[in-house]
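Hi,

Here is the structure I promised to pass on.

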Amino acid sequence: MAFLICLAAVLCVSASAWGTELRIPELKGKAGQEIQVPLIIDQTANLAGVKLVIQYDKELLTFREGAKTPHTQSLMHVINDRTPGKLIIVMAGAQGIQGREMTIMTLTFSIRKGLTGNHTTVIEIPEVQLMGDDLKEIECAVKPGTLVILQ
């Protein structure tokens with residue numbers, strides 16, 4: 001029994017060292033309004049490069065802008081929004097940033113006006129690449145966000 005307790009403790013401590021998680025929280029909004037979508041990293045050390053592909057329902061949402069946060073002010077960024085329904089975000093800096101539960105960027109979308117009934121859509125992140133300032137890739141799990149649109 002003591003062995004199982006020790007094994008469980010080791011696995012819980014080790015789980016946080018297995019990688020970083022990038023997530024979008026569950027959000028609610030109303031038709032016709034703008035909504036802020038934070039991109040949150042649970043933990044990172046020396047993050048110097050980010051490449052993300054974000055997919056969203058272009059029939060329900062229109063991308064307006066993306067803004068860095070105080071955590072990512074030292075990083076340069078580019079957002080390619082040429083294809084409706086798809087964003088390519090690249091961030092880079094010479095020196096890495098670190099932190100826990102930090103929002104690396106906030107995306108602003110307009111929700112389509114005149115929707116009838118409630119809708120649920122997912123904002124997905126099918127491609128993620130994080131790089132440390134040592135030029136090594138940082139493993140990253142992804143948790144997409146669900147957006148509930150109320151009438």
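Below is what I found, starting with the whole chain and ending with a few residues.

First, some ground rules. This is a predicted model, in which local features need pLDDT of at least 70 and side-chain atom pairs count only at pLDDT 80 or more, while totals for chains, interfaces and linings use all residues. Residues are numbered from 1 along each chain as its sequence is written, and side-chain values use heavy atoms, with hydrogens and water left out.

How confident is the predictor? The mean pLDDT of the protein chain is 89, and 88% of its residues reach 70 or more (pLDDT is the predictor's confidence in each residue, from 0 to 100). Be careful with residues 1-17, where the pLDDT is below 50. Beyond near neighbours in sequence, that stretch has one contact in the model (a contact means heavy atoms within 4.5 Å).

Now the layout. The protein chain has one helix and ten strands, and from the N terminus on the order is α-β-β-β-β-β-β-β-β-β-β. Helices (H or I, at least four residues) and strands (E, at least two) are DSSP runs, numbered from the N terminus. Of the contacts with a separation of 6 or more, 75% are between residues 24 or more positions apart.

Buried residues make up 36% of the 151 residues. Buried means under 20% relative accessible area, exposed over 50%, and partly exposed in between (1.4 Å probe, protein chains only).

Next, the inside. The largest nonpolar core has 34 residues, and Leu39, Ile89, Leu107 and Phe109 are those with the most contacts inside it. A nonpolar core here is a set of buried Ala, Val, Leu, Ile, Met, Phe, Trp, Tyr and Cys residues joined through side-chain atoms within 4.5 Å. Two or more residues come from each of strand 3 (34-55), strand 4 (61-68), strand 6 (86-111), strand 7 (119-132) and strand 10 (145-150). Strand 6 gives the most, with ten residues.

The structure holds two aromatic pairs; rings of Phe, Tyr and Trp (its six-membered ring) pair if their centres lie within 6.5 Å, and planes under 30 degrees apart count as stacked, over 60 as edge-to-face and the rest as tilted. Tyr56 and Phe109 have ring centres 4.9 Å apart and planes at 65°, so this pair is edge-to-face. Tyr56 sits in the loop between strand 3 and strand 4, Phe109 in strand 6, and they are 53 residues apart. Phe63 and Phe109 also form an edge-to-face pair, at 5.7 Å centre to centre with 70° between the planes. Phe63 is in strand 4 and Phe109 in strand 6, so the pair ties together parts 46 residues apart in sequence. Tyr56, Phe63 and Phe109 form one aromatic cluster.

Last one: is Thr121 buried or exposed? Thr121, which lies in strand 7, is buried, with a relative accessible area of 7%. Among the residues it touches, beyond four places in sequence, are Asp57, Leu60 and Thr146. The C-alpha atoms of Thr121 and Asp57 are separated by 7.0 Å, although the two are 64 residues apart along the chain.

Cheers
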